[in-house]
Amino acid sequence: MRPKRLFVIIISIIVLFSFSIMAKKPPRLYNDLPGYLQDFKKTVERQAREYPDTFYLSATTGEKVVALTFDDGPDLDNTPAILDILGEAGVKVTFFLVGEKVEKYPEITRRIMREGHQLANHSWSHSDLRDLSNENILDKEIFPTSRLIARLTGNYPRYLRPPYGAIKDRTIELLEQKGWKIVNWSLDSFDWNNSQNTPDEIIEKVERYIHPGAVILLHSGEVNSSTVEALPELINRLKEKGYKFRTVEELIPQGKGDYLTIDKLKELSRTLGVAFVKRSNWPLGVIIGHEGLLIDGDLYHFVFY
Ligand SMILES: [Zn+2]
């Protein structure tokens, strides 16, 4: 019957339309936040919309996968305790490490790597990057941290979480050119906030705002023992809800071609007529760029010949 068919068509259009809206759901910070964090929320949501391939709050997926992320480590107590819990639960996570603490605790840093977690960059000194020039951000905060992690573990992280989640647009643009990913969070556990971070409060917050593709903010610094207490139960609750755990790079992969292998590099040298030389075998030549390329944990520079 005609009216019936028309009804089916209209319903299908509505369903398809709502799917397309769902697919385009703009990135957001899921927490209900107090007044003083409203500006922050607006800023990061705008940055995630404007730089969709560089600045992330979460992963775009309908699958029940989440990334637990731990900032401000390593330290001597909470980070090892967290690693023990994660090992027991068989969960892989991402640690956004502070360079000056990596320098202090190289053994814990290596342990994070050995146990299969992702190591990422949380600046050298935990300064607010908005107060620094782009040049200082790269040379004093970001590059030294990734170089040190690379020296210790063989992996050069190109994932950054700025301290306090705060970064200027023009710093995002600079990092975008260099192929970095900046990953904030879509769900704040508030474990950093002493007025609401009992283990129960941390778990309650995560359960309330959990969503597919969530990037969950937690901490593994010296002061975050409440996080350690909450973690086993937090993992259980998420597992009960059917969530699987992924690292940030599994949820938000670096684009193809971002990583260079030695073979690829040799091919590129022949084509371009430049040599790539390890810093340790410093040759005579013109050095271009102050960062160079890190391959297999070694810093290479371009040299004309
Ligand atoms: Zn931090």
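This dialogue discusses how to read several features of a predicted model.

Reader: How many helices and strands are in the chain, and what percentage of the residues is buried?

Author: The model is predicted, and its chain contains 11 helices and 12 strands. Of the 305 residues, 35% are buried. As for contacts with a separation of 6 or more, 74% of them join residues 24 or more positions apart.

Reader: Which residues of helix α8 are buried, and why do they line one face?

Author: An α-helix has 3.6 residues a turn, so residues three or four places apart point the same way. Helix α8 covers residues 199-209, and its buried residues are I202, I203, K205 and V206. Viewed down the axis of α8, these buried residues fall within an arc of 160°, so they line one face of the helix. The face turned away from that buried side carries D200 and R208, which are exposed.

Reader: What covers the buried residues of α8?

Author: The cover includes β7 (187-188), β8 (215-219) and α9 (225-240).

Reader: Which residues have the most contacts inside the largest nonpolar core?

Author: That core has 55 residues, and those with the most contacts inside it are L68, F95, I182, V215, I216 and L234. Helix α9 supplies the largest share of this core, 6 residues. To follow one case, consider V215: beyond its neighbours within four places in sequence, V215 is in contact with L57, S58, A67, T69, V183, W185, S186, L187 and V248.

Reader: Where is P144 found, and why is it classed as partly exposed?

Author: P144 is found in helix α6 (residues 134-153). The class follows from a count of neighbours: a residue is buried if 20 or more other C-beta atoms lie within 10 Å of its own, and exposed if 12 or fewer do. P144 has 19 other C-beta atoms within 10 Å, and is therefore partly exposed.

Reader: With which residues is P144 in contact, leaving aside its neighbours within four places in sequence?

Author: P144 is in contact with G99 and W124. A further distance concerns S123, 21 residues from P144 along the chain: the C-alpha atoms of the two residues are separated by 8.5 Å.

Definitions and conventions: Residues are numbered from 1 along each chain as its sequence is written. This is a predicted model: local features need pLDDT of at least 70, side-chain atom pairs count only at pLDDT 80 or more; totals for chains, interfaces and linings use all residues. Helices (H or I, at least four residues) and strands (E, at least two) are DSSP runs, numbered from the N terminus. The arc is that of the directions from the helix axis to the C-beta atoms. Two residues are in contact if their C-beta atoms, placed from the backbone, lie within 7 Å. A nonpolar core is a set of buried Ala, Val, Leu, Ile, Met, Phe, Trp, Tyr and Cys residues joined through C-beta atoms within 7 Å.
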